[in-house]
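Here is a short report for a first look at this structure. Keep the view open while you read.

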Amino acid sequence: MSTDHTIFEDRDVSSEPSPGLDSDLPGDDTLRGTDYYALGDTDGSPVFNVTGGDWDDLVDEATALHEERIVVNMGPQHPSTHGVLRLILELDAETVTEARAGIGYLHTGIEKNMEFRTWVQGVTFCTRMDYLTPMFQEAAYCLAVEKLLGITDQIPERASIIRVLMMELTRINSHLVCIGTGGMEMGATTVMTVGFRERERILRVFEQVTGLRMNMAYIRPGGVSQDLPHGALDHITTIVGELRRGIHELEMLLAENPLLKGRTKGVGYLDLTGCIALSITGPVLRSTGLPHDLRKSEPYCGYETYDFDVITRTGADAYDRLMIRILEMFESLKIVEQCVERLRTTGGPVMVEDKKIAWPAQLSVGSDGQGNSLDHIREIMGTSMESLIHHFKLVTEGFRVPPGQVYVAVESAKGELGVHLVSDGGTRPYRAHFRDPSFNNLQAVAAMCEGSMVADVIVAVASIDPVMGGVDR
Amino acid sequence: MSDDTTTPAGTDSGELWSTDVSRDVATDTTPVQVGERRGMFGATRGQDTTGYGGLRTPILFPGASERPYGSYFDEVADTLAAALPSDGYGTAVERVVVDRGEMTLFVRREHLLAIARALRDDPALRFEVCTGVSGVHFLAEAGRELHAIYHLLSITHNRRVRLEVTAPDADPHIPSVVAIWPGADWHERETWDMFGIIFDGHPALTRILMPDDWPGHPQRKDYPLGGIPVEYKGGTVPPPDQRRSYN
């Protein structure tokens with residue numbers, strides 16, 4: 001006999017309106033629930049919906065119209081669109097005459113949700129935006145919170161080194177997926193398998209250090225959530241060598257590959273003027289020859305003390321962006337090695353001293369890969385009443401942040417990731433806005449694709465490296 | 001508490017509100033009140049620390065900064081003043097706030113385009129990149145509820161500056177900067193989508209993240225978060241906006 005008293009009741013919700021379609025909310029009632037495709041705003045042109053059936057029948061039907069100009073909706077469900085991106089292409093035979101990107105299919109209201117959680121809980125939300133670069137969102141957000149609190153210079157050195165280490169591993173992780181999926185979209189499955197094989201090594205480090213492979217919420221306002229576990233540095237040293245070999249394998253596979261060069265050289269061209277006009281940053285901007293990198297121009301987390309180069313090329317096309325990403329991974333490995341070296345000699349805490357911000361004791365990953373640290377439990381339950389009170393207040397209530405606004409930008413794998421935070425002095429952000437590089441860079445689709453062939457659209461979009469989780473937030 | 005946050009501020013808290021409308025915002029360095037925070041605990045005024053009396057705290061943002069601003073900010077302000085027609089700076093820039101090492105120019109919306117053009121084109125300013133447009137909704141700031149915030153970057157001089165433009169809820173119009181920074185296109189669409197700020201002159205101001213037929217603007221403070229209670233093992237967890245908060 002079960003002792004579970006939970007009652008699961010089937011409720012008929014079909015008659016209840018969706019909360020988003022609440023008629024009490026302001027808005028244009030006449031448009032509610034309208035099917036736009038039935039409105040006739042296609043100017044009387046015939047509409048073909050591909051939802052199964054025989055492809056040849058559809059082609060016969062379309063060609064019977066003797067219409068050369070055709071508008072194609074590529075996506076939002078298409079294997080080559082990096083998630084749920086909808087590309088609206090106007091075609092003249094195989095040439096793209098107009099290209100527009102339709103986004104918003106992955107909007108999850110993260111920024112609104114963050115206004116209803118404490119400052120620390122915000123990390124758990126923003127890490128899920130661009131799911132390939134979680135550490136960059138976390139770092140940018142935490143740097144912004146620290147700037148609002150005015151504790152930027154109190155962050156322990158060890159915490160900053162760990163942040164740099166994790167960010168650079170994340171950069172390699174993101175670039176590997178970009179190159180891997182980009183290769184797959186062009187039909188090169190080996191590039192994909194090599195890319196994901198190498199990425200797996202990085203994810204193992206993330207799992208060892210944070211307990212999670214993605215969406216780690218590892219960087220926290222004031223430092224990082226826990227110190228590196230025993231053996232992590234040796235593990236990282238091992239994988240740096242392996243990664244270097246793996247990335248070199250990718251380079252050998254791609255750099256002088258005539259098929260790849262044929263598909264990417266001169267494709268998705270966007271020169272410096274175009275990049276600046278559209279505020280494009282990251283590898284796309286650097287492929288025009290401008291060495292703009294926030295790690296050099298506005299260093300944070302001590303980047304000015306690391307030895308690395310900013311990679312630029314001058315072709316301004318998909319091939320050069322690909323090569324920039326490959327070479328940037330080698331630069332990131334250089335930084336990772338320097339971090340490991342420093343971490344071997346730099347001890348100390350990984351969280352600020354301020355007991356009104358930091359938890360009473362550090363957590364750690366247990367043998368099961370998750371859970372509390374026994375030291376922490378002992379500290380708050382057995383040793384110190386003060387710690388228990390602080391722990392309780394910090395977890396339930398959170399800390400207060402003085403009113404004001406800040407903008408902090410970091411160089412993410414895709415470009416400038418900016419965080420605009422506004423505090424009203426309370427325990428929650430008044431407004432958190434993320435300037436995601438993919439969101440901005442995706443505006444270049446029209447400039448890169450118009451006038452090219454349909455097949456080049458895939459390559460051009462892949463060279464922007466958009467991740468819809470970050471674009472739509 | 002959620003029912004507190006929806007109460008129009010300023011109705012019964014006269015002493016918290018600055019009623020002095022004659023203050024000169026351009027030079028007054030006293031903090032500017034943009035609203036009022038209510039919640040439990042965290043009292044910094046008065047004797048009541050239980051929270052049950054309904055604590056009220058004014059939200060004070062930094063007031064105008066005094067010269068010298070420090071860093072490159074003086075140079076930016078001077079160059080901008082020189083680039084504009086005589087007294088253009090004084091009428092266009094409401095006040096300058098330097099806070100936490102960042103410079104904010106509060107610009108009157110009718111002068112936004114002139115300021116933006118000068119900031120982009122003057123060789124000594126050269127803010128060639130507008131990294132984004134963000135919105136903030138201050139429900140209680142009468143006549144200036146909606147704020148559009150532009151973050152500008154000069155790669156040439158490695159500088160940043162922030163423009164802040166306000167509009168009342170009743171007339172949510174701000175001129176579009178897309179003609180000056182084409183990259184602001186999607187950012188302005190997002191700010192329209194989320195806050196309902198109408199950017200006049202934008203080539204295609206349509207929703208971008210929400211569906212085309214969505215009613216309301218979700219990031220406004222009077223728009224509910226939504227959500228349903230979650231039942232787990234007989235207990236019920238209310239949706240996030242109805243949970244107890246200690247703000």
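## Between the chains

Start with the salt bridges: 5 of them run between chain A and chain B. One pairs A:E298 with B:R160, and their closest N and O atoms are 2.9 Å apart. Between chain A and chain B, 27 residue pairs are in polar contact, with both residues at pLDDT 80 or more. On the side of chain A that touches chain B, strand β6 (residues 404–412) gives the most, with 5 residues. This model is predicted, not experimental.

Now take the contact as a whole. In chain A, 65 residues are in contact with 63 residues of chain B. The two chains, A and B, bury about 5,400 Å² between them. Carbon and sulfur atoms carry 55% of that area. Within chain A, the residues that lose the most area to chain B are A:K112, A:Q405 and A:Y430. Together they make up 13% of what that side buries.

## Nonpolar cores

In soluble globular proteins, nonpolar side chains tend to be buried together. Here, the largest nonpolar core has 92 residues. Those with the most contacts inside this core are A:M114, A:Y141, A:L165, A:Y218, A:L228, A:I247 and A:L421. Helix α12 (residues 318–345) of chain A gives the most to this core, with 12 residues.

Look at A:Y218 in more detail. Leaving out residues up to four places away in sequence, A:Y218 touches several others, including A:M135, A:E138, A:I162 and A:M166. The list of its partners also includes A:V209, A:T210, A:V224 and A:L228.

## A buried aspartate in chain B

B:D193 sits in helix α5 (residues 185–195) of chain B. Is B:D193 buried or exposed? B:D193 counts as buried because its relative accessibility is 0%, and the cut-off for buried is under 20%. Which residues does B:D193 touch, not counting those up to four places away in sequence? They are B:R207, B:I208, B:L209, B:M210, B:G216, B:H217 and B:P218.

## Confidence in chain A

The average pLDDT of chain A is 84. In this chain, 85% of the residues score at least 70. Residues 34–38 of chain A are another matter: pLDDT stays under 50 there. For this stretch the model has 7 contacts beyond four places in sequence. Where pLDDT is low, the predicted coordinates should not be read in detail.

How values were computed: Residues numbered from 1 in each chain as written. Chains lettered and ligands numbered in written order. Heavy atoms only, no water. Core = buried A, V, L, I, M, F, W, Y, C linked by side-chain atoms within 4.5 Å. Buried < 20%, exposed > 50% of the residue type's maximum accessible area, 1.4 Å probe, protein only. Helix = DSSP H or I, 4+ residues; strand = E, 2+ residues; numbered from the N terminus. Contact = heavy atoms within 4.5 Å. pLDDT = per-residue confidence, 0-100. Buried area = accessible area lost by both parts, 1.4 Å probe. Salt bridge = Lys/Arg side-chain N within 4 Å of Asp/Glu carboxyl O. Polar contact = N/O pair within 3.5 Å; in protein donor to acceptor, adjacent residues only side chain to side chain.
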